[in-house]
Amino acid sequence: MSAVEARIVELGLTLPDVVPPLASYQPAVTSGVYVFTSGQLPMVDGALPLTGKVGAEVTPEDARDLARVCALNALAAVKSVAGDLDRVARVVKVTGFVASAQDFTGQPAVINGASELLGEVLGDKGVHARSAVGVAVLPLDAPVEVEIQVELVSA
């Protein structure tokens with residue numbers, strides 16, 4: 001078990017299997033020393049635990065927890081192409097999408113769930129640039145979606 005995966009276990013979490021694509025794309029691809037993940041939904045055992053808009057059917061607190069799940073799914077996607085999460089030199093960028101009720105403006109606080117999870121798991125390597133965007137709807141009526149870009153150390 002890698003040190004990063006041991007840290008995930010220490011935190012009482014489990015690195016999930018890679019979420020299969022919903023359409024014609026790959027969960028993650030490499031380009032040089034970078035891994036780019038596709039947008040990761042908060043899938044747990046093949047299903048969304050909650051659906052709907054944040055600020056309406058889904059509370060901001062629940063959405064923040066779902067963003068953590070998205071980040072774990074993104075790490076699983078990184079591992080699928082990098083082979084070992086200990087190869088992560090740093091998380092470069094996180095982009096989070098929040099399906100938002102018309103008057104909801106707390107997208108940054110929701111995506112903090114993903115950012116904080118990456119920091120808890122990776123320490124200083126998890127510090128990143130970020131965008132948090134409100135959108136009308138996400139695939140499968142998911143409340144949140146997160147993608148990450150990671151720099152790797154050479155194998």
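Guide: Welcome! Let's start with a term: a pocket is an open set of grid points with protein on both sides within 12 Å along at least five of seven lines. The model above is predicted, and its largest pocket holds about 160 Å³ of space.

Visitor: What makes a residue part of the lining of that pocket, and which residues line it?

Guide: A lining residue has an atom within 4 Å of a pocket point. The residues that line the largest pocket are L13, T14, P16, M43, V44, D45, R68, V69, L72, N73 and L117. Helix α2, residues 60-82, gives the most to this lining, with four residues.

Visitor: How do you know whether the lining is mostly nonpolar or mostly charged?

Guide: Leu, Val, Met and Pro count as nonpolar, while Asp and Arg count as charged. By that rule the lining divides into seven nonpolar, two polar and two charged residues.

Visitor: Now the strands. What makes β3 and β5 a pair, and in which sense do they run?

Guide: Two strands pair if there are at least two bridges between them. Strand β3 (residues 88-99) and strand β5 (residues 144-152) have nine bridges and run antiparallel, so they count as a pair. Within this pairing, V98 stands opposite V144. On β4, V98 has G134 as its bridge partner.

Visitor: How do you know that β3 also pairs with β4?

Guide: The cut-off of at least two bridges applies again, and seven bridges join β3 to β4 (residues 129-135), with the two strands parallel. One facing couple is G96 and A132.

Visitor: Why is the unit of β3, α3 and β4 called right-handed?

Guide: With the strands pointing away from the viewer, a right-handed path from the first strand over the helix to the second runs clockwise. The β-α-β unit of β3, α3 and β4 is right-handed, so its path over α3 is clockwise in that view.

Visitor: What makes β1 and β4 edge strands?

Guide: The five strands form an open, mixed sheet in the order β1-β2-β5-β3-β4. β1 and β4 each have a single partner strand, so one side of each lacks a neighbour in the sheet. From one strand to the next, the twist averages 15°. Helix α2 packs on this sheet, touching β1, β2, β3 and β5, and its direction makes about 40° with that of β5. Helix α3 packs on the sheet too, touching β3, β4 and β5, at about 155° to the direction of β3.

Definitions and conventions
Residues are numbered from 1 along each chain as its sequence is written. This is a predicted model: local features need pLDDT of at least 70, side-chain atom pairs count only at pLDDT 80 or more; totals for chains, interfaces and linings use all residues. Side-chain values use heavy atoms; hydrogens and water are left out. On a 1 Å grid over the protein atoms alone, a cavity is a set of points where a 1.4 Å probe fits but cannot get out, and a pocket is an open set with protein on both sides within 12 Å along at least five of seven lines; lining residues have an atom within 4 Å of a point. Grid points are joined across faces, edges and corners, and a volume is the space filled by probe spheres set on the points. Axes are lines fitted to C-alpha atoms, for helices over the stretch in contact, and angles run from 0 to 180 degrees between N-to-C directions. Contact means heavy atoms within 4.5 Å.
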